[in-house]
Amino acid sequence: MAFEFYMKQNDTNPSMTATLLDETSTAYDLTGVTVTLNGIKPNGTAFTKSATKTDAANGVVRVDWDAADTAQAGIIEYEFELSSGETVPNDRHYKIHIQAEAG
């Protein structure tokens, strides 16, 4: 699953929804699993956010943003970490494009 997400600088909406898939494109069953987003901000600062499971059996999670998450324009690289030990994706990083505010 290639996944890129776009937001404006300092915005907190929309929340990001993602379906976590394994290397065979099968959705992870997240029942009983904690999901965390691990990211690197444009300035190189690492951060972690909890992901909310909205459909655990089908691997669907939602990430809600704080203004500090989108304060810097640029690209955030991220991955999801499951408490079961899996990293999604396990072969690259996903990207969130934070577009600079106009003016």
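**Core, sheet and a buried threonine**

Student: Which residues touch the most other members of the largest nonpolar core?

Tutor: Met16, Leu20 and Phe80 do, among the 24 residues of that core; a nonpolar core is a set of buried Ala, Val, Leu, Ile, Met, Phe, Trp, Tyr and Cys residues joined through side-chain atoms within 4.5 Å. β7 gives the most to this core, with four residues. This is a predicted model, in which local features need pLDDT of at least 70, side-chain atom pairs count only at pLDDT 80 or more, and totals for chains, interfaces and linings use all residues. Residues are numbered from 1 along each chain as its sequence is written, and side-chain values use heavy atoms, with hydrogens and water left out.

Student: Why is threonine 70 called buried?

Tutor: Buried means under 20% relative accessible area, with exposed over 50% and partly exposed in between, using a 1.4 Å probe and protein chains only. Threonine 70 has a relative accessible area of 1%, so threonine 70 is buried.

Student: What is threonine 70 in contact with, leaving aside neighbours within four places in sequence?

Tutor: Taking contact as heavy atoms within 4.5 Å, threonine 70 has Met7, Lys8, Gln9, Asn10, Asp11 and Ile98 as its partners.

Student: What makes β2 and β6 a pair?

Tutor: Two strands, which are DSSP runs of E with at least two residues, numbered from the N terminus, pair if DSSP finds at least two bridges between them. β2 and β6 have four bridges, in the antiparallel sense, and therefore they pair. Threonine 17, for example, has arginine 62 in β6 as its bridge partner.
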